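Hi,

As promised, I am handing over the structure we talked about. Have a look at it first, and then read on for what turned up in it.

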Amino acid sequence: MSKSLELFKKASQLMPGGVNSPVRAFRSVNLDPVFIASGKGCKIKDVDGNEYIDYVGSWGPLILGHAHPEVVKTLQETVELGTSFGAPTELEVRIAEKIIEMVPSVEMVRMVNSGTEATMSAIRLARGFTGRDKIIKFEGCYHGHGDSFLIKAGSGALTFGKPNSPGVPDSVAADTLTAEFNNLDSVEQLFEKAPNQISAVIVEPIAGNMGVVPPAKDFLKGLRQLCDKYGALLIFDEVMTGFRVHPGGAQTLYGITPDLTTMGKVIGGGLPAAAYGGKREIMEKIAPSGPVYQAGTLSGNPLAMAAGLKTLEIISEPGFFDELNRKANRFFEQLQKFIVQSDLPLSLNYVNSMGCLFFKPGGVTNFKEAVESDTKLFAGYFARMLQKGVYLAPSQFEAMFISDAHSESDLERTLQTGQEVLEELFKG
Ligand code: KE4
């Protein structure tokens, strides 16, 4: 028996599903997960010594790759000074300055420990600021596991929310309205049906949790206009896209200014850190400067701030994104060319270094189209790629991430392997 399997059997007795986050259990690809022992650059090694080129990158944070020497060094120096004080530190001032410098719409920022905390806090702030209770989210967008987000599109014109997890009260679900990504009419209908009740629209500006689905032309601009027309705040959930698709996030890439932005993943450089920020007049409503309460024992802790700040400094260096985006776009263009030439029933979506290969033909522009994908075929593709040393997200509805640490030869090897596997899968 492999060491991974031994550990998984033990873990399954100790933790729900043997994991600390569901997607890691490999259930949607019908496999037992491999347990990872170490990572360096773009490679990870499992406890049985198998090495993989990693395209999960801890679900987005590791834009520099694993164990980046400068990040490791700054952590070693920081940990010597103590791990946490529960008191203000200079590092928090420095990372706040850096975030505000990089993301123009953010005039003031609050550090938290996870993307879920950031999004939960952002909608509480929007409700507190507007005095309205309802929010609009989009089918297929994920904003963490806060009660207000675990809602599926209800039936009926108003698409009142219905919980999609036990434990979420109907009363909470009733305040979450669900629209269709890339469909502005579905948003306007909700505003019309719930006048003066909607505090905010929260959206992943590039959806990354139904696979990757870019915004249609003028979709984000339309959301901005609708929020202005109906007096709601526009919240960009950039936990995944922030510092990923552009140093200033998707909002800078597409030139749309949200009222609030949630950030995570890259911002912590692989340590637990996230943030929410935006207009000063809104952020000043947050305790202790204002009445909207939010707090956290380890918010802004020195280790996460050190790793995050070092990461933001490195990705801000001239040419960093030019090179990352050049490499990533070349990879996806070559994959797209292969799909077209081989006439395979696949759809590829990508924005710079985040992308997704859907096992369905004809393109994917929203959740309904994404879920038409053949998840069984995806599972076969995933298993073969894993066997050949390529570690992808174990779900059709996740993104793959290319890091600065992926070399041209790593990407070339991945393309070759992908072509072999796809030919095996489709051409027998
Ligand atoms: P966390 O609470 O997991 O740090 O962040 C929640 C979150 C919020 N917003 C967006 C756009 C996100 O993508 C996420 C978390 N992303 C998933 C991967 N798709 C995290 C992986 C997991 O759940 O284990």
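Predicted model: local features only at pLDDT ≥ 70, side-chain atom pairs only at ≥ 80, totals over all residues.

Which element gives the most to the lining of the second largest pocket? That is strand 4, with 3 residues. Strand 4 covers 108-112, and both this strand and helix 3 (90-102) supply at least two residues of the lining. In total 21 residues line the second largest pocket, and those nearest its centre are Glu92, Arg110, Met111, Ser299 and Gly300. By class, the lining of this pocket has 10 nonpolar, 9 polar and 2 charged residues.

**The ligand**

There are 16 residues around the ligand, and the nearest of them are Ser21, Thr116, Asn209, Asp237 and Glu398. The shell divides into 5 nonpolar, 7 polar and 4 charged residues.

- Glu398 places a polar side-chain atom 2.7 Å from a nitrogen atom of the ligand.
- Gly115 has a backbone N or O atom 2.9 Å from an oxygen atom of the ligand.
- Tyr142 has a polar backbone atom 3.5 Å from a nitrogen atom of the ligand.

How much of the ligand's area does the protein bury? On its own the ligand exposes 540 Å², and 85% of that is buried by the protein.

**Cavities**

Searching the whole structure gives 4 cavities of 30 Å³ or more. The largest cavity has a volume of about 210 Å³. Its lining is made of 20 residues, with Cys356, Leu357, Tyr381, Leu392 and Met400 nearest the centre. Two or more lining residues come from each of helix 11 (320-342), strand 14 (354-358), helix 13 (375-387) and helix 14 (408-427). The lining of the largest cavity counts 14 nonpolar residues, 5 polar and 1 charged.

The second largest cavity holds about 70 Å³ of space. Around this cavity there are 15 lining residues, and Asp54, Gly57, Leu62, Ser403 and His406 lie nearest its centre. Here the classes come out as 6 nonpolar, 7 polar and 2 charged.

**Domains**

The chain is divided into domain 1, residues 1-47, and domain 2, residues 69-315. Taken over C-alpha atoms, the centres of domain 1 and domain 2 are 29 Å apart.

**Two backbone details**

Where does the chain have a cis peptide bond? The bond from Ala287 to Pro288 is cis, and its omega is near 5°. Pro288 sits in the loop between helix 9 (280-283) and helix 10 (302-315).

The other detail concerns Asn30, a residue other than glycine with a positive phi, near 50°. Asn30 belongs to the loop between helix 1 (3-14) and strand 1 (36-40).

That is everything from my side for now. Happy to talk any of it through.

Best wishes

Definitions and conventions:
Residues numbered from 1 in each chain as written. Heavy atoms only, no water. Near = heavy atom within 4 Å. Polar contact = N/O pair within 3.5 Å; in protein donor to acceptor, adjacent residues only side chain to side chain. Areas by Shrake-Rupley, 256 points an atom, 1.4 Å probe, with all protein chains shown as cover. Nonpolar A, V, L, I, M, F, W, Y, C, P; charged D, E, K, R; others polar. Domains from an automatic or database assignment. 1 Å grid on protein atoms, 1.4 Å probe; cavity = no way out; pocket = protein on both sides within 12 Å on 5 of 7 lines; lining within 4 Å. Helix = DSSP H or I, 4+ residues; strand = E, 2+ residues; numbered from the N terminus. Points joined across faces, edges and corners; volume = space filled by probe spheres on them.
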